[in-house]
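Here are some notes to go with the model you asked me to look over. Have the structure open while you read, and take the points in order.

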Amino acid sequence: MSWMYDAEEVAHFKQIATSQRKIPKIMALNGFLEFFQREKTFRPKKKFTQGTIRYSLHKQAHASLQSGINLREVVRLPAGENMNDWLAVHVVDFFNRINLIYGTISEYCNVTTCPTMSGGSKYEYLWADGEIFKKPVQLPAPRYIELLMDWVENQINNESLFPVSTDVPFPKTFPTLCKKILARLFRVFVHVYIHHFDRIVSIGAEAHVNTCYKHFYYFIQEFDLMSAKELEPLAAMTAQMCKD
């Protein structure tokens with residue numbers, strides 16, 4: 001699908017992108033969890049088991065974020081580490097962070113305000129999971145996001161898909177599954193940015209959310225995890241925001 005943005009949408013994306021400049025990058029990174037944990041959380045945070053390789057990678061990635069290293073450098077695979085472990089760590093971290101973000105606006109996202117899972121007037125997501133919803137169906141945004149988060153959580157908790165022990169190999173389909181998870185999590189960014197950014201601004205969270213989005217975007221770009229077509233709904237905003 002070819003995308004054309006009207007003047008109002010372009011102005012909206014520019015407002016979002018420039019809001020990144022309101023607080024320093026290091027402060028945005030360091031204060032993310034502290035800030036959002038004061039707000040409503042959509043669901044319990046998923047954690048890594050202490051003493052595992054993934055726990056160590058998670059702590060390493062978090063320390064890099066806090067150090068103020070450029071986000072493009074933060075997402076690079078550390079020397080000697082397994083790519084699947086690096087993927088697993090980031091999928092879980094992004095799941096946690098996007099949960100926190102959506103939790104701050106969830107009370108404003110209801111069947112009246114958001115009768116469809118849309119990203120503006122030009123884009124709508126239909127839900128299918130191959131089990132209960134075998135064919136794509138239109139759903140209100142809060143129901144769609146609830147099902148999406150349930151689905152992601154089920155994948156993460158399935159040890160045959162996300163093995164906990166290093167003795168258990170990752171399935172061959174693991175990178176493909178991660179791509180699907182990240183593509184679906186991206187849809188929450190789309191909905192929040194286009195339909196609920198005013199709420200994000202009202203609680204002073206815009207720079208924090210923008211930093212999280214940039215981290216997400218640089219990660220998927222580094223490893224080519226989403227197509228340009230999937231990224232189109234936020235393409236104008238991303239071009240403004242991700243210049244460094």
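How many salt bridges does the structure hold?

1. **The salt bridge.** The answer is one, taking a salt bridge as a side-chain nitrogen of Lys or Arg within 4 Å of a carboxyl oxygen of Asp or Glu. R143 and E146 are the partners, and their closest N and O atoms are 3.1 Å apart. Side chains of opposite charge can pair when their charged atoms come close. Find both residues in helix α7 (residues 141-157), where they sit three residues apart, about one turn of the helix. An α-helix has 3.6 residues a turn, so residues three or four places apart point the same way. R143 is partly exposed at 36% relative accessible area, and E146 is also partly exposed, at 34%. (Buried means under 20% relative accessible area, exposed over 50%, and partly exposed in between, with a 1.4 Å probe and protein chains only.)

2. **What you're looking at.** Keep in mind that this is a predicted model: local features need pLDDT of at least 70, side-chain atom pairs count only at pLDDT 80 or more, and totals for chains, interfaces and linings use all residues. Residues are numbered from 1 along each chain as its sequence is written, and side-chain values use heavy atoms, leaving out hydrogens and water.

3. **How confident is the predictor?** pLDDT is the predictor's confidence in each residue, from 0 to 100. The protein's mean is 80, with 71% of residues at 70 or more.

4. **The overall build.** You'll count 12 helices and zero strands; both are DSSP runs numbered from the N terminus, helices being H or I with at least four residues and strands E with at least two. Of the 244 residues, 50% are buried. Take the contacts between residues at least 6 apart in sequence: 80% of them join residues at least 24 apart.

5. **Helix α10.** This helix covers residues 206-222, and its 17 residues should span 24 Å at 1.5 Å a residue; the end C-alpha atoms are 24 Å apart, which agrees. The expected span is 1.5 Å times one less than the number of residues. Of those 17 residues, 15 are buried, so α10 is largely enclosed by the rest of the structure.

6. What is the phi of D224? D224 has a positive phi of about 55° although it is not a glycine. Most residues other than glycine have a negative phi. D224 is in the loop between α10 and α11 (228-231), and at 59% relative accessibility it counts as exposed.

7. A search of the whole structure finds zero disulfides, a disulfide being a pair of cysteine sulfur atoms within 2.5 Å. C178 is buried at 0% relative accessible area, and C242 counts as buried at 10%. Lastly, look at N82 in the loop between α5 (71-74) and α6 (83-105). N82 is partly exposed at 37% and, leaving aside neighbours within four places in sequence, is in contact with L77 and F170.

How values were computed
Contact means heavy atoms within 4.5 Å.
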